[in-house]
Amino acid sequence: MSNEKGIVKYLKDITEDARMVRLFFIMVIAFVIMCVANGNKFFSLSNFQSMARTFPEVGILAIAVSLAMLLGGINLSVVGIANLSGIFCCQFIIATQEKIGMWPAIIIGLAIAMVVGAVCGLLNGFLIAYVGIPAMLATLGTQEIFIGLGVGVTKGAAVFGTPSEFTFFGGAYIFGVIPMSLILFVVVVVVFTILLQRKQYGMELYLVGTNPTAARFSGIKNELVILKTHVFGGILSAIAGIIIASGTNSAKASYGSSYVLRCLIVAILGGINPAGGFGKITGVVMAVLTIQFLSSGFGILRVDGYFQTFVWGAVLVGDMILNYYLDKLAENRKKKKAEKEA
Amino acid sequence: MAGKTLIKLDGISISFGGVHALQNVDLEILEGQTLCLAGENGGGKSTLIKIISGFYRPDHGTIEIDGKQYSHFTPKQAIDLGIQVIYQDFAIFPNLTVAENIALSAERLDGRKLVNWKNVKKRAQEALDMINVKMDLDAILADLPVASKQLVAICRSLLQHARLLIMDEPTTALTKNEINSLFKVVRDLQAKGISVVFVSHKLEEVYEIAEQLVILRNGKKVIEGPIKDFDRKKFIYHMTGREIESETFTVKNIGSEPLLEVKGIGIKDLFADISFKLYAGEVLGITGLLGSGRSELARALFNLEKIDTGEVLLEGRKLDLKNVKDAINAGIAYVPEDRLTEGLFMPQTISRNMISAVIERNLNGLGLIDTPGVRARSEDWVKELKVKTPSTELPVQALSGGNQQKVVLAKWLATKPKVLILNSPTVGIDVGAKADIYAYTRRLAEEGIGVIIISDDLPEILDNCNRAIIMKRGRLAGEFITSEMTESRLTDILAEAGGEGGAA
Amino acid sequence: MLKKAMKTNEFFVLIALIILCIIIGIANPVFFTTGNAVSLMKNSIVMGIMTFALMPGIVAGGIDVSFPAIAVCGMFTTSKIMQNIDYSGPVILPILMSIGIGTVLGLLNGLIITKFSLPAFIVTLGTSSLYYGLLVTLVGSKPVNRLCKPMEDFGKAVMISGNSGSVTTSCTWTFLFLLAVAIIVYLMLKYTMLGRGIYAIGGNRTSAERAGFNVNGILIFVYTFIGACAGLAGICHTMQARICMPTDLMGSEMLCIAAVVLGGTNIAGGKGTVIGTTLGLILITVARSSLTLVGVDSSWQQMIVGIVIVGGTALSAYKELRNSRKIAKILED
């Protein structure tokens with residue numbers, strides 16, 4: 001009934017948030033600059049398609065990291081989980097496709113990937129919530145385990161030999177235009193926006209992230225919220241892992257080592273507060289698009305990869321410093337306004 | 001006894017997020033003077049202390065020390081100028097030893113770059129001797145009871161060549177004997193020409209120790225004068241800004257069966273053998289010094305801590321609670337002591353805070369949060385409790401202390417409790433909000449809720465409860481009908497070796 | 001006295017270490033040869049210098065993950081310049097140069113973290129990428145295959161050697177740098193006001209400010225010190241390896257953090273000792289170096305090291321969790 005009103009209110013909420021407005025302009029500016037710098041090479045259907053195919057990997061992983069950050073923690077093991085899920089998925093498909101048929105093998109393989117992701121997330125959540133290891137340390141450690149396990153089972157080599165049909169999930173274009181990975185990304189965004197903004201879990205997540213003591217005093221089971229969040233993070237990582245494996249039609253333990261930093265940049269640029277409790281998926285979406293525009297533009301301009309590493313670091317630190325000054329400015333303005341009233 | 005001016009504040013104003021904490025306050029402290037700074041919580045005492053100690057930078061006004069003018073200074077400068085503060089939270093280092101906590105700052109102040117451990121211990125012992133307390137110098141602070149921490153904080157400031165010692169409610173955890181030792185120390189300091197600012201709202205203490213009285217209310221200095229010019233009535237009038245008609249609470253219709261029955265409950269090392277009954281319609285007080293186990297008892301009733309022995313009956317049925325949610329669902333609500341850390345999600349909206357204890361009761365048919373419903377109910381609570389806010393979608397931190405406390409109250413009333421436990425419900429809130437909260441608890445009791453108020457604010461207990469129990473060192477130490485008790489008698493009972501001494 | 005010692009964290013790490021050594025020794029007696037001991041010494045140097053530098057940072061409540069990048073910046077820039085000018089003076093100059101580069105980068109970390117009150121972990125993750133990207137962009141990514149003579153000579157010089165069977169292993173003089181850093185950190189933490197300030201900040205930052213400690217100054221020092229030691233560790237690594245690869249050391253942050261935490265340092269700050277960190281360092285070095293000795297396939301080593309790290313961290317975190325639930329006693333017996 002109030003669906004339309006709901007959407008209007010949601011749009012209003014977004015625009016009311018100063019940081020979101022700022023982010024929107026940053027995104028538009030990044031887009032315009034890259035259009036001007038690269039001309040038709042950037043502003044073309046083929047480039048849009050290639051961008052739309054690429055960014056969902058990082059986008060989904062960044063959402064996984066954002067969930068952990070909303071709790072005031074972090075998740076540094078998302079890439080490890082993604083690769084491990086991809087490896088198990090591919091190995092299963094290769095091993096069984098002849099016996100049980102290709103499509104059943106692919107479908108069971110996908111399910112295995114999701115289970116692997118969930119189990120990895122469960123381990124993270126358990127270590128953080130019940131053992132009490134700080135999230136950063138726990139996930140930095142499990143990242144070693146997940147990558148190590150991947151290296152162990154593959155002897156460090158890439159897993160090849162999945163059927164070409166497997167590329168559907170990361171490489172196919174629906175109606176010949178829209179990449180499948182983009183559709184998966186949109187689904188993830190919609191599901192998690194609802195989960196975060198409208199479900200009991202989401203509100204508990206924000207509350208635990210804001211003040212765990214008050215959450216405990218309010219009868220919220222903090223441990224369970226943490227556990228759930230990391231299981232979701234694991235499943236999201238597995239989905240990203242499937243897109244990666246499907247896109248390259250292979251899986252490798254060492255794939256995407258720079259993604260961890262990229263995810264953090266996206267989350268922080270997207271307005272997720274590292275101290276917990278604040279941030280929206282909408283922001284993450286805008287941030288991942290911004291980063292993708294820059295990254296594609298750099299690619300077309302043939303900017304050196306190491307220079308890009310430098311730029312990403314600078315963006316992360318620069319954004320935090322910028323926010324420091326803008327917040328300070330806002331605080332001063334508030335003070336002046338209060339003084340005027342007095 | 002007082003000499004020339006030590007420190008002079010001129011026209012100090014400061015505001016936080018649009019709220020004026022201090023407005024145009026002047027203050028002069030003479031050398032060797034003992035000045036009492038009084039005022040309701042939230043009146044601006046703490047802010048003023050933080051400005052004098054260099055922690056806040058005033059928006060307007062100047063501070064003059066030794067004839068030199070400052071617009072502000074850093075905490076380090078303040079210490080170098082001889083300003084020492086004993087904070088309410090003691091500002092100790094929980095991970096370090098007693099000796100280090102006491103002597104390290106003094107050693108640092110002497111300009112030492114290296115630590116001489118023998119010297120640290122020697123000086124710490126000297127400081128402890130000054131106030132006649134025995135303590136293990138190698139004990140880690142985190143392992144000690146509250147009273148010992150307070151004593152450590154006092155010892156530390158004694159060592160630091162203070163010219164002005166500010167004590168922010170230093171007696172909250174001390175026994176009568178310890179308070180007497182402390183007052184002796186204060187008088188000794190005074191004799192040496194050291195000025196003392198004593199922050200307190202306990203009248204007896206103020207009369208015993210202070211010469212000059214300054215009262216702050218709502219961020220303004222309302223009156224100043226020699227202590228002898230103030231009688232009790234005048235003191236209270238200026239503190240609260242109105243004549244207090246202390247109409248004490250009387251039970252209207254009490255239930256015949258106990259609503260809550262606590263039978264011999266205990267938690268190892270915390271409290272033991274606690275039994276009492278609470279009838280519907282009653283307001284029961286629980287009082288005791290800081291560290292007497294009163295808060296721990298409340299937390300146990302709310303299932304935040306597991307009890308080891310005894311049982312709790314609600315409406316005659318034994319409670320078997322596994323977690324806080326069970327306690328909420330059984331009809332117990334707990335308004336915690338510290339609303340900033342335990343009660344509220346400060347940066348989150350008022351409506352979110354109000355439903356935070358019962359999110360699952362605010363879902364629509366699709367299992368989604370019923371946003372319009374939440375907003376409507378929050379607005380009802382805002383009206384019901386007279387919360388002063390333009391919108392329920394503002395963050396709670398934008399509200400004043402009193403209105404914040406009303407939000408906490410609303411959050412717990414939204415759980416529809418049968419038993420409402422309020423721990424220190426009026427700490428740090430203004431008079432108006434205080435009166436609103438008292439009136440509301442009375443109404444709740446009349447409606448048949450059993451209310452428990454835990455507090456060390458004795459007038460609060462005496463005026464608002466019909467019955468009260470006293471806790472000392474984790475045990476029940478008496479029960480009384482409030483109408484048969486006076487404040488001074490109760491003070492004596494509590495202070496008689498009531499807290500944890502210096503023994504560690 | 002003994003009873004008190006048995007309650008400490010160091011005691012548990014020591015017991016774990018002894019048990020681990022006995023198991024490895026039984027599986028492969030080569031473990032108990034002088035050759036293996038020297039090899040362990042050698043393997044602990046670079047990681048050890050960084051670990052001891054990191055410990056005060058963690059005690060103060062901040063984590064730096066940029067030190068591997070700083071180490072690479074220090075060693076690679078220095079090696080490249082020294083090679084280009086065909087340096088032949090005393091070896092101390094390149095060492096000081098690398099330390100100097102590390103100091104500057106560490107100082108920058110400290111300034112950003114304190115000036116803008118930002119979380120150390122995220123800032124250093126960013127600067128790690130920033131420093132490394134800038135280094136390779138400006139200096140290039142081609143390894144320095146031949147070091148200048150003084151550095152190469154220093155890397156060849158043998159301080160101590162040992163035999164395991166017919167194989168002789170030797171350890172370079174860089175080991176003395178490790179000892180020096182450990183001793184400096186020990187003295188600093190125990191006997192200087194600065195060191196006690198580090199504990200004070202880790203225990204309660206607000207109290208430290210109120211007590212008049214220059215909190216930001218101390219924190220800037222801590223991150224600068226980490227940077228300086230990272231520079232030293234980097235140049236030691238290069239001299240030991242006698243080749244300078246810009247890809248080396250990257251990714252070693254987890255091992256160092258793990259050694260500090262395994263040694264009983266509280267990740268939330270306030271607690272930690274040099275003795276404990278030493279034991280943690282030995283534990284990690286032994287676990288890493290001995291996997292081949294006990295016949296673990298190399299492709300599984302990363303995972304096993306990961307399990308050891310997570311397991312060890314879990315034990316100390318769990319102990320801390322239980323400690324934090326311990327409450328001050330009210331009731332008398």
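1. Where pLDDT is low, the predicted coordinates should not be read in detail.

2. This is a predicted model, in which local features need pLDDT of at least 70, side-chain atom pairs count only at pLDDT 80 or more, and totals for chains, interfaces and linings use all residues. Residues are numbered from 1 along each chain as its sequence is written, while chains are lettered from A and ligands numbered from 1 in the order in which they are written. The scores of the model are ipTM 0.85 and pTM 0.87.

3. Confidence by chain is as follows. Chain B has a mean pLDDT of 85, with 94% of its residues at 70 or more. For chain C the average is 89, and 96% of the residues score at least 70. Within chain C, helix H1 (residues 2-7) has the lowest confidence, with a mean of 66, and H5(C) the highest, at 96. Helices (H or I, at least four residues) and strands (E, at least two) are DSSP runs, numbered from the N terminus.

4. Chain B contains 17 helices and 20 strands. Its C-alpha atoms fill a box of roughly 70 × 50 × 45 Å along the principal axes.

5. Of the 504 residues in chain B, 52% are buried. A residue is buried if 20 or more other C-beta atoms lie within 10 Å of its own, exposed if 12 or fewer, and partly exposed in between, with C-beta atoms placed from the backbone. Among contacts in chain B with a separation of 6 or more, 72% join residues 24 or more positions apart.

6. Chain A meets chain C through 36 residues of chain A and 38 residues of chain C. On the chain A side, the elements that give two or more residues are helix H5 (102-131), helix H6 (135-154), helix H12 (259-269) and helix H14 (305-341). That side of chain A has 25 nonpolar, eight polar and three charged residues. Here Ala, Val, Leu, Ile, Met, Phe, Trp, Tyr, Cys and Pro count as nonpolar, Asp, Glu, Lys and Arg as charged, and the others, Gly among them, as polar.

7. Between chains B and A, 25 residues of chain B are in contact with 22 residues of chain A. Helix H10 (324-330) and helix H11 (339-343) of chain B each supply at least two residues to the chain B side. The chain B side divides into twelve nonpolar, nine polar and four charged residues.

8. Helix H5 (residues 92-115) of chain C has 24 residues and should span 34 Å, and its end C-alpha atoms are 34 Å apart, which agrees. Just after H5(C), Ser117(C) has a positive phi of about 35°. For helix H2 (residues 9-27) of chain C, the 19 residues should span 27 Å, in agreement with the 27 Å between its end C-alpha atoms.

9. Which residues are buried in H2(C)? Asn9(C), Val13(C) and Ile24(C) are buried there. They lie on the same side of H2(C), because they cover an arc of only 30° around the axis, the arc being that of the directions from the helix axis to the C-beta atoms. Turned away from the buried side is a face with the exposed residues Ile15(C), Ile18(C), Ile19(C), Ile22(C) and Ile26(C).

10. Most residues other than glycine have a negative phi. Lys386(B), not a glycine, has a positive phi of about 55°. Lys386(B) is in the loop between helix H13 (371-384) and helix H14 (401-413) of chain B, and counts as partly exposed because it has 14 C-beta neighbours inside 10 Å. Arg242(C) also has a positive phi, near 60°. The loop of Arg242(C) runs between helix H11 (215-241) and helix H12 (253-262) of chain C, and its 15 C-beta neighbours inside 10 Å make Arg242(C) partly exposed.

11. Glu209(C) belongs to helix H10 (residues 205-210) of chain C and is buried, with 20 other C-beta atoms within 10 Å. Apart from neighbours within four places in sequence, Glu209(C) is in contact with Pro75(B) and Val215(C).

Terms used: Contact = placed C-beta atoms within 7 Å. Expected span 1.5 Å × (residues − 1). pLDDT = per-residue confidence, 0-100.
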